[in-house]
Amino acid sequence: MKKWIKDTGLSFCLGLGHLFKPQGTPVLVYHSIDDSNSNISISPDIFAVQMKFLKEKGFQLISLGQLMAKIWSKQHLPGKTIVLTFDDGLKNFYTAAWPVLARYGFSATVFVPTDFIGKQSWWYADYDLKPVPMLDWPQLRELSANNVDIQSHGCSHCKLTEVAPPDSQRELKESKRVLEDGLGRSVDFFCYPFGEVTQDIAAAAGAAGYKGATCMDQGLYNPGDDPYLIKRESLDYISIPDKRTALLSIATCAQGTFAWYVRTKRRLKGYG
């Protein structure tokens, strides 16, 4: 998509949001923080620009566990609250994202596929992406001890909708056990790989002991929504070439209107 069309679309959604402000908490999702320009990556410089913007605008960035604890205990949730999540448990979260988040006092949730801890994201090759290093146990433990919420992304990062129920149940239960044993703390949330989920799989996540789970449906999370189908806003759906687009995209995400941009883009030209 041409840059001016992209920026115009973001600006329109941002302006529209001032008139029809969506209700709910934005749950943002990132994958890789690197300079590869892949369709699941964002450059460290752009990420830093976006986090600086949120800090300067007075947003509070918390983990998914912190959000749900506030909701379930009926605590007041400030209007400028955002949940930050990172899928796939990549090492560049530790090297590129975490230093920025720590500087601003932000928290986040990292979803980890346990079969790949300390290895490479080998499944990326199946999607024409270059495998990258994964977080290892010392890094996971350090992050967990410093306000980062480590949660499950399954064992093998397979689509749970494409495996037999016993295998999907193993992915849910075994990944939870491995992380709890390795971190010495409870693991309460799951991220469905590729966002693929059915009602049966969501029910299996509850039966496995999770308190909630995220998918890739675009939108905001409101108290009373299904905690096993937590919607998110994914920056993967936009290429961000410069600071202007970076600021427009993160402002639209923070306002809760990025989903409008994504839906319009899908209708016009698909995901490209």
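The lining of the second largest pocket has five nonpolar, four polar and three charged residues by class. About 250 Å³ of space lies in this pocket, against about 1200 Å³ in the largest one. The model is a predicted one. Two helices that line the second largest pocket, H1 and H8, also pack against each other, with axes that come within 9 Å.

**Second largest pocket**
- Helix H1 (3-19) and helix H8 (243-255) are the elements that give two or more residues to the lining of the second largest pocket.
- Residues lining this pocket include Leu14, Gly17 and His18, which also belong to the H1 side of the contact between H1 and H8.
- Ala251 and Gln255 likewise line the pocket and take part in the contact from the H8 side.
- Among the other lining residues are Lys21, Phe53, Lys57, Phe59, Gly79, Lys80 and Ala254.

**H1 against H8**
- The axes of H1 and H8 cross at roughly 30 degrees.
- Angles under 35 degrees count as roughly parallel, so H1 and H8 are roughly parallel to each other.
- Their crossing is left-handed.
- From H1, the residues in contact are Lys3, Lys6, Asp7, Leu10, Ser11, Cys13, Leu14, Gly17 and His18.
- H8 meets them with Arg244, Thr245, Leu248, Ser249, Ala251, Thr252 and Gln255.
- By class, this contact holds five nonpolar, seven polar and four charged residues.

**Largest pocket**
- The largest pocket has 45 lining residues, and Asn39, Ile40, Ser234, Asp236 and Tyr237 are the ones that lie nearest its centre.
- Two or more lining residues come from each of strand S2 (32-33), strand S3 (41-42), strand S9 (212-218) and helix H9 (258-269).
- The lining of the largest pocket comprises 19 nonpolar, 14 polar and 12 charged residues.

**H4 against H2**
- Helix H2 (residues 44-56) packs on H4 at an angle of about 20 degrees, and the two axes are 10 Å apart.
- H2 and H4 are therefore roughly parallel to each other, and their crossing is right-handed.
- H2 makes the contact through Pro44, Phe47, Ala48, Met51, Lys52 and Lys55, while H4 uses Ala96, Ala97, Val100, Leu101 and Tyr104.
- The residues in contact between H2 and H4 are nine nonpolar and two charged, with no polar ones.

**H4 against H5**
- Helix H4 (residues 91-104) also packs with helix H5 (residues 137-144): their axes come within 9 Å and cross at roughly 45 degrees.
- That angle makes H4 oblique to H5.
- The crossing of H4 and H5 is left-handed, whereas that of H2 and H4 is right-handed.
- Lys91, Phe93, Tyr94 and Trp98 of H4 meet Gln139, Glu142 and Leu143 of H5.
- Four nonpolar, one polar and two charged residues make up the contact of H4 with H5.

Notes
Residues numbered from 1 in each chain as written. Predicted model: local features only at pLDDT ≥ 70, side-chain atom pairs only at ≥ 80, totals over all residues. Heavy atoms only, no water. 1 Å grid on protein atoms, 1.4 Å probe; cavity = no way out; pocket = protein on both sides within 12 Å on 5 of 7 lines; lining within 4 Å. Points joined across faces, edges and corners; volume = space filled by probe spheres on them. Helix = DSSP H or I, 4+ residues; strand = E, 2+ residues; numbered from the N terminus. Nonpolar A, V, L, I, M, F, W, Y, C, P; charged D, E, K, R; others polar. Axes fitted to C-alpha atoms, helices over the stretch in contact; angles between N-to-C directions. Parallel < 35°, antiparallel > 145°, perpendicular 65-115°, else oblique. Left-handed = near helix turned anticlockwise from the far one by under 90°. Contact = heavy atoms within 4.5 Å.
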